[in-house]
Amino acid sequence: LAIGMAALGGALGQGRAAASALEGIARNPNSRDAVFVPMLLGLAFIESLVIFALVIAFTLFGKA
């Protein structure tokens, strides 16, 4: 249940971040270079939080 909630939250966060970045690029195509790299970095951080939740879930499951 915990990893499912973490995956759901991560997916919603990634979708919202990508949508906002693409909307910003669509409004100002010259800002592509300034928006693309921070967006990828943010997506990597969001994904790392989901993987961290997976590690915590496995750790707690192992102790139960």
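**A closer look, view by view**

**View 1. Serine 31 and its surroundings.** Setting aside its neighbours within four places in sequence, serine 31 is in contact with Gly24 and Ile25 (contact means heavy atoms within 4.5 Å). Everything shown here is a predicted model, where local features need pLDDT of at least 70, side-chain atom pairs count only at pLDDT 80 or more, and totals for chains, interfaces and linings use all residues. Residues are numbered from 1 along each chain as its sequence is written, and side-chain values use heavy atoms, with hydrogens and water left out. Look for serine 31 in the loop between α1 (2-27) and α2; helices are DSSP runs of H or I with at least four residues, numbered from the N terminus. Is serine 31 buried or exposed? Serine 31 is buried, at a relative accessible area of 15% (buried is under 20%, exposed is over 50% and partly exposed lies in between, with a 1.4 Å probe and protein chains only). A polar atom of the serine 31 side chain sits 2.7 Å from the backbone oxygen of asparagine 28.

**View 2. Arginine 27 with glutamate 23.** These two residues form a salt bridge, and their closest N and O atoms are 3.1 Å apart (the rule asks for a side-chain nitrogen of Lys or Arg within 4 Å of a carboxyl oxygen of Asp or Glu). About one helical turn separates arginine 27 from glutamate 23, because they are four residues apart in helix α1. Arginine 27 is exposed at 67% relative accessibility, whereas glutamate 23 is partly exposed at 43%.

**View 3. Arginine 32 with aspartate 33.** Here the side chains of arginine 32 and aspartate 33 meet in a salt bridge, at 3.4 Å from N to O. Arginine 32 is partly exposed, with a relative accessible area of 43%, while aspartate 33 is exposed at 61%. How many salt bridges does the rule count? The count comes to two.

View 4. Phe36, Val37 and Leu40 make a nonpolar surface patch of about 250 Å². For such a patch, residues need over 30% relative accessible area and no salt bridge, and nonpolar side chains are joined within 5 Å (like charges within 9 Å). Valine 37 belongs to helix α2, which covers residues 32-63. The accessible area of valine 37 is 55% in relative terms, so valine 37 counts as exposed.

**View 5. Two pairs to compare with their places in sequence.** Proline 38, in helix α2, is partly exposed at 47% relative accessibility. From proline 38 to alanine 21 there are 17 residues in sequence and 9.2 Å in space, C-alpha to C-alpha. Glycine 4 lies in helix α1 and is partly exposed at 44%. Between the C-alpha atoms of glycine 4 and alanine 19 the distance is 22 Å, with the two residues 15 apart in sequence.

**View 6. Stepping back to the protein chain.** The chain has two helices and zero strands (a strand is an E run of at least two residues). Along the principal axes, the C-alpha atoms fill a box of roughly 55 × 15 × 5 Å. The radius of gyration of the chain is 15 Å, while a compact globule of 64 residues would have one near 11 Å; the radius is taken over C-alpha atoms, and the globule rule is 2.2 Å times the number of residues to the power 0.38. Of the 64 residues, 11% are buried.

How values were computed:
Areas by Shrake-Rupley, 256 points an atom, 1.4 Å probe, with all protein chains shown as cover. Polar contact = N/O pair within 3.5 Å; in protein donor to acceptor, adjacent residues only side chain to side chain.
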